[in-house]
Amino acid sequence: MMKAVRFSRFGGPEVLEIVDLPDPHAGPGQVRIAVRAAGVVDELGEGVADVGLGDRVFGFSPDGAAQAELAVLSYYAPVPPSLSFAEAAALPAAVETATRALDQLGVTGGSTVLINGASGSVGSAAVQLAVARGARVIGTASPANHDYLRSLGAEPAAYGEGMAGRIRALAPGGVDLALDAAGSDVLPELIELAGGPEHVVTIADFAGAQKYGVRFSRGDTGRAVHALAEIGELVESGRFSLPVAQTYPLAEVAQAHRVSEDGHVRGKLVLLVD
């Protein structure tokens, strides 16, 4: 039996409970990991030859079971050697989401990209990945995070009243593409700056996407799983990092969710499994 986090009813963080569940097993082409925060392979499914028992990997679980002692992964890649388990655990969701959105936008070298909410975990991943592709990146964030954005290779702009004017000061002709990673009702301004809804993708504003004809990027329409295999080289060469804001033991999952819901976190919250 393994310990896992489960909810049996909807509600706030208080509905999360630690329960004992039967151990899952790796099917064909899958690996099972003993979860620390990312994972150590402890069972190989039929036909798996690219990793071995004891290897450190991270990836995606078909049933989203990242809050348990064991998890089965259908997509996985080696953890970059320089990363701790907690740092590695912060990467897959943010890197995949950011890569998928940049792919859908068609960000390449020479693009000028505006990223709204550039200091959050997905936003800062998108900044670094776009810079690595050779794009010029303008990122919106509160002034306290502007030095952080500069360190990632972005040109910062404050969001809020007058944002479009501040961005036009940096890019008088507007931008080629825009990614909304924060919501906050900015899609009309992003559409205007990027020259039409077809040049904008949001991961944060489902209702606004429907209202303004903007693409809403979702994981269930196909994950950018190639991102995991590619991120190692960027991490090891010092061109990509993602801060871990705080770590929590599994038993404190409700507190971690409360902090996450507060919304003022730079970096990822990571659950540690002893």
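Within the predicted model, Ile33 has Val41 of strand β4 as its bridge partner. The two strands concerned, β3 (residues 31–35) and β4 (residues 39–44), run antiparallel and are joined by 5 bridges, where strands are DSSP runs of E of at least two residues, helices are DSSP runs of H or I of at least four, and both are numbered from the N terminus. Two strands are taken to pair if DSSP finds at least two bridges between them. The model is a prediction, for which local features need pLDDT of at least 70 and side-chain atom pairs count only at pLDDT 80 or more, while totals for chains, interfaces and linings use all residues. Residues are numbered from 1 along each chain as its sequence is written, and side-chain values use heavy atoms, with hydrogens and water left out.

The open sheet comprises 5 strands in the order β6-β3-β4-β5-β7, with antiparallel pairing. Its edge strands, each pairing on one side only, are β6 (70–73) and β7 (75–78). From one strand to the next, the twist averages 45 degrees. Helix α1 (residues 85–105) packs on the sheet, where it touches β4 and β5 (56–60), and its direction makes about 30 degrees with that of β5; contact here means heavy atoms within 4.5 Å, and angles run from 0 to 180 degrees between N-to-C directions, the axes being lines fitted to C-alpha atoms, for helices over the stretch in contact. Helix α7 (residues 226–236) lies across β5 and β7 and runs at about 140 degrees to β5.

Helices α1 and α7 also pack with each other, at an angle of about 105 degrees and with their axes 9 Å apart. The two helices are therefore roughly perpendicular (65 to 115 degrees; under 35 counts as roughly parallel, over 145 as roughly antiparallel and the rest as oblique). In this contact, Leu91, Pro92, Val95, Glu96, Thr99 and Asp103 of α1 meet His226, Ala227, Leu228, Ile231 and Val235 of α7. These residues divide into 7 nonpolar, 2 polar and 2 charged, with Ala, Val, Leu, Ile, Met, Phe, Trp, Tyr, Cys and Pro counted as nonpolar, Asp, Glu, Lys and Arg as charged, and the others, Gly among them, as polar.

Helix α4 (residues 163–170) packs with helix α5 (residues 187–194) at about 25 degrees, their axes being 10 Å apart, so that α4 is roughly parallel to α5. The contact is made by Met163, Ala164, Ile167 and Arg168 of α4 together with Glu189, Leu190, Glu192 and Leu193 of α5.
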